[in-house]
Amino acid sequence: MCCPAHKIEDELEMTMVCHRPEGLEQLEAQTNFTKRELQVLYRGFKNECPSGVVNEETFKQIYAQFFPHGDASMYAHYLFNAFDTTQTGSVKFEDFVTALSILLRGTVHEKLRWTFNLYDINKDGYINKEEMMDIVKAIYDMMGKYTYPVLKEDTPRQHVDVFFQKMDKNKDGIVTLDEFLESCQEDDNIMRSLQLFQNVM
Amino acid sequence: MAAGVAAWLPFARAAAIGWMPVANCPMPLAPADKNKRQDELIVLNVSGRRFQTWRTTLERYPDTLLGSTEKEFFFNEDTKEYFFDRDPEVFRCVLNFYRTGKLHYPRYECISAYDDELAFYGILPEIIGDCCYEEYKDRKRENAERLMDDNDSENNQESMPSLSFRQTMWRAFENPHTSTLALVFYYVTGFFIAVSVITNVVETVPCGTVPGSKELPCGERYSVAFFCLDTACVMIFTVEYLLRLFAAPSRYRFIRSVMSIIDVVAIMPYYIGLVMTDNEDVSGAFVTLRVFRVFRIFKFSRHSQGLRILGYTLKSCASELGFLLFSLTMAIIIFATVMFYAEKGSSASKFTSIPASFWYTIVTMTTLGYGDMVPKTIAGKIFGSICSLSGVLVIALPVPVIVSNFSRIYHQNQRADKRRAQKKARLARIRVAKTGSSNAYLHSKRNGLLNEALELTGTPEEEHTGKATSLIESQHHHLLHCLEKTTNHEFIDEQMFEQNCMESSMQNYPSTRSPSLSSQSGLTTTCCSRRSKKTTHLPNSNLPATRLRSMQELSTIHIQGSEQPSLTTSRSSLNLKADDGLRPNCKTSQITTAIISIPTPPALTPEGESRPPPASPGPNTNIPSIASNVVKVSAL
């Protein structure tokens with residue numbers, strides 16, 4: 001069903017690689033989506049990426065369209081790395097839909113684990129302050145310049161400090177998965193906002 | 001936001017999960033999808049040709065005919081399809097616009113028919129994609145010119161009283177066909193230019209001998225006659241120049257134009273001659289000045305379109321001509337040097353210096369071969385033959401290239417100018433689209449996106465403020481709103497930003513503009529908890545009144561009872577304490593809140609917390625009923 005996998009070293013080859021996803025039944029079994037939802041998702045996916053895979057550039061472009069005020073490229077970069085679980089540099093429809101299934105229909109535990117994975121930029125299993133700084137800076141970049149109140153230089157750092165205060169239980173400067181899960185589950189705000197996009201589809 | 005990526009909005013919203021643990025404030029509620037129904041196929045019957053598409057595809061553009069409820073007027077109950085009695089060919093393009101987000105203009109289509117169809121479907125032609133936009137604009141311009149020509153020929157009989165005398169004169173000068181007088185003027189000037197040129201030429205012809213002296217040119221024999229002719233011509237030219245100067249819409253630009261310079265150069269020698277006839281020494285120079293009279297011939301370019309085109313093409317071909325000249329010069333210098341040194345030995349050689357050899361080289365290379373200078377030595381002859389052979393190459397080769405360059409460059413220039421003019425417009429359009437998208441969010445904040453609030457209070461009202469926002473748009477705005485909450489900063493537009501900057505620098509405002517943010521106890525206890533969960537239910541919108549917000553530590557809440565179900569609320573950067581208690585039944589009142597800054601913590605956090613998050617709380621029962629007069633609540 002899939003085209004033979006081409007080594008995606010050559011940029012040119014990438015555009016000619018055509019990838020077809022596994023069958024609808026399989027995807028339905030693997031994810032928490034219904035057939036109709038998968039159909040809608042695939043139509044949108046195929047519209048933007050006719051070749052069947054999305055590379056980082058396209059990903060960034062798509063994401064940037066939703067945030068015209070600022071620069072969404074850094075956050076899109078981290079998102080892409082989180083979606084691209086196999087680190088191949090391209091996201092196939094299966095990866096896409098698997099991640100969406102977790103984000104929209106997964107359990108709280110799964111969602112938190114996915115978010116932890118997003119924050120853990122170097123995928124070493126721990127979040128340190130630098131990684132968090134990068135993430136928070138990327139989020140603030142999406143706001144752009146024209147904000148109220150005016151964005152100051154150390155606003156992201158303050159934000160990260162607050163975050164670490166909350167999350168880092170044993171104050172060792174890094175946040176492990178367990179600390180993260182525990183702290184998030186204690187915070188009602190976070191719990192509530194995780195349910196926010198339940199009915200997005 | 002392009003419609004094409006609307007399908008990716010669920011992904012963008014899902015990705016927002018990454019902000020949640022970082023955010024300190026609670027997120028606003030998502031807009032509910034009240035019209036949640038399964039996506040269905042719609043059949044569109046356009047003059048018998050059936051098109052089918054998903055309903056959501058059409059709903060991407062809610063302010064067009066197909067995207068709004070206007071299409072219900074065309075719904076045919078019997079056949080359960082939408083019937084349009086319009087052109088199916090153009091409809092193909094229209095439907096593709098919904099599908100791909102790009103509107104194309106088919107070249108075979110008539111421009112006015114296309115425009116009519118677009119107007120019918122409520123689509124603005126400005127969104128035509130870049131690939132087809134130039135073609136569309138060109139056709140449109142041609143059409144407009146055609147219409148203008150038609151109008152002009154209609155109006156030709158009637159005089160245009162609206163045009164001033166000056167404007168009429170300018171029009172007459174530029175376009176001699178507008179009136180008979182202009183035509184007469186045109187021919188008269190043409191005649192006099194010809195007369196002037198001919199007299200200049202004939203002046204120098206030897207006219208037979210006056211007895212007793214040598215042969216004289218006609219100019220000196222009949223000097224009076226020629227002088228009168230010359231005077232007459234110059235009079236006419238001067239009058240013409242002055243009239244044009246008077247009639248020109250922009251005198252400065254007219255003076256700088258090429259034609260006016262030619263005019264001046266044509267008549268100046270005469271006046272200079274008048275002034276200088278007394279002085280004998282300068283009369284030599286005066287004679288030289290007469291040469292410039294030949295420039296009168298260029299005045300013909302006003303009468304000939306072809307001359308103008310040629311001049312323009314030469315100008316645009318200047319670089320090619322320059323290159324030809326340069327390579328020729330190189331070759332001439334090389335060969336002249338060689339010939340000079342080759343002929344140095346020979347006696348009585350005409351090649352006295354290198355510049356003297358230039359003449360030989362040029363004559364030989366252009367294969368003229370006058371024969372006034374010929375090499376005598378063997379070496380000279382050898383090099384001379386090489387020179388003439390290479391001359392053929394050097395001259396003959398570039399000339400056809402240049403000639404073909406003429407037409408290529410001429411056409412290319414025209415196209416390049418067009419493209420350059422359109423590029424600015426294109427960039428401007430892209431910029432406008434981008435700011436439009438970001439402004440849409442700010443705009444809706446200002447008007448108060450009340451989908452959530454109204455739904456929460458269970459209002460069955462369908463009509464909100466202003467224009468209908470599609471579900472996609474409201475979801476997108478909700479996403480942006482979440483981002484604002486994550487970072488505790490708001491989006492504002494450029495002017496307000498600058499205003500705020502100016503105000504803050506002027507007033508030297510301490511950083512306690514948002515005291516909550518800078519309080520020592522950390523962010524968690526400040527803005528968000530104070531802001532209370534209630535604000536999750538209050539859509540955030542910026543009122544223009546936020547301009548006041550910076551300086552004043554006042555919170556004023558105007559509550560007006562009104563019939564309108566629309567609500568405009570403005571968000572505060574700080575807590576809306578009193579607002580909570582006074583949030584009325586949204587259907588009957590209009591709240592405009594101004595600034596807030598509350599030093600005292602409110603007493604209602606527990607109330608907020610007790611509310612289950614996604615559930616839509618009913619209207620607060622302890623809200624005092626709002627009279628229909630303005631209640632001003634001031635909290636300090």
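1. Contact here means heavy atoms within 4.5 Å. On that basis, and leaving aside residues up to four places away in sequence, Y63(A) touches A72(A), Y75(A), A76(A), L79(A) and M142(A) in its own chain, together with F11(B), A12(B), A15(B) and W19(B) from chain B. The model is a predicted one.

2. Y63(A) also belongs to the largest nonpolar core, which has 76 residues. The residues with the most contacts inside this core are Y63(A), F67(A), F83(A), M132(A) and W19(B). As general background, nonpolar side chains in soluble globular proteins tend to be buried together.

3. The interface between the two chains draws 66 residues from chain B and 57 residues from chain A. About 5700 Å² is buried between them, and carbon and sulfur atoms give 70% of that area. Of the area that chain B buries against chain A, W8(B), F11(B) and I17(B) supply 14%, more than any other three residues. F11(B) is also among the residues touched by Y63(A).

4. Which elements of chain B each supply at least two residues of the side that touches chain A? They are α1 (9-15), α17 (398-447), α19 (471-487), β7 (490-491) and α20 (494-507). With 9 residues, α19(B) gives the most to that side.

5. Taken by itself, chain B contains 25 helices and 10 strands. Of its 636 residues, 42% are buried. Among contacts in chain B with a separation of 6 or more, 69% are between residues 24 or more positions apart. The accessible surface of chain B comes to about 33800 Å², with 62% belonging to carbon and sulfur atoms.

6. S349(B) lies in the loop between α14 (318-343) and α15 (354-365) of that chain. Is S349(B) buried or exposed? Its relative accessible area is 17%, and S349(B) therefore counts as buried, the cut-off being under 20%. The side chain of S349(B) reaches the backbone nitrogen of F351(B) at 2.9 Å.

Methods: Residues numbered from 1 in each chain as written. Chains lettered and ligands numbered in written order. Predicted model: local features only at pLDDT ≥ 70, side-chain atom pairs only at ≥ 80, totals over all residues. Heavy atoms only, no water. Core = buried A, V, L, I, M, F, W, Y, C linked by side-chain atoms within 4.5 Å. Buried < 20%, exposed > 50% of the residue type's maximum accessible area, 1.4 Å probe, protein only. Helix = DSSP H or I, 4+ residues; strand = E, 2+ residues; numbered from the N terminus. Areas by Shrake-Rupley, 256 points an atom, 1.4 Å probe, with all protein chains shown as cover. Buried area = accessible area lost by both parts, 1.4 Å probe. Polar contact = N/O pair within 3.5 Å; in protein donor to acceptor, adjacent residues only side chain to side chain.
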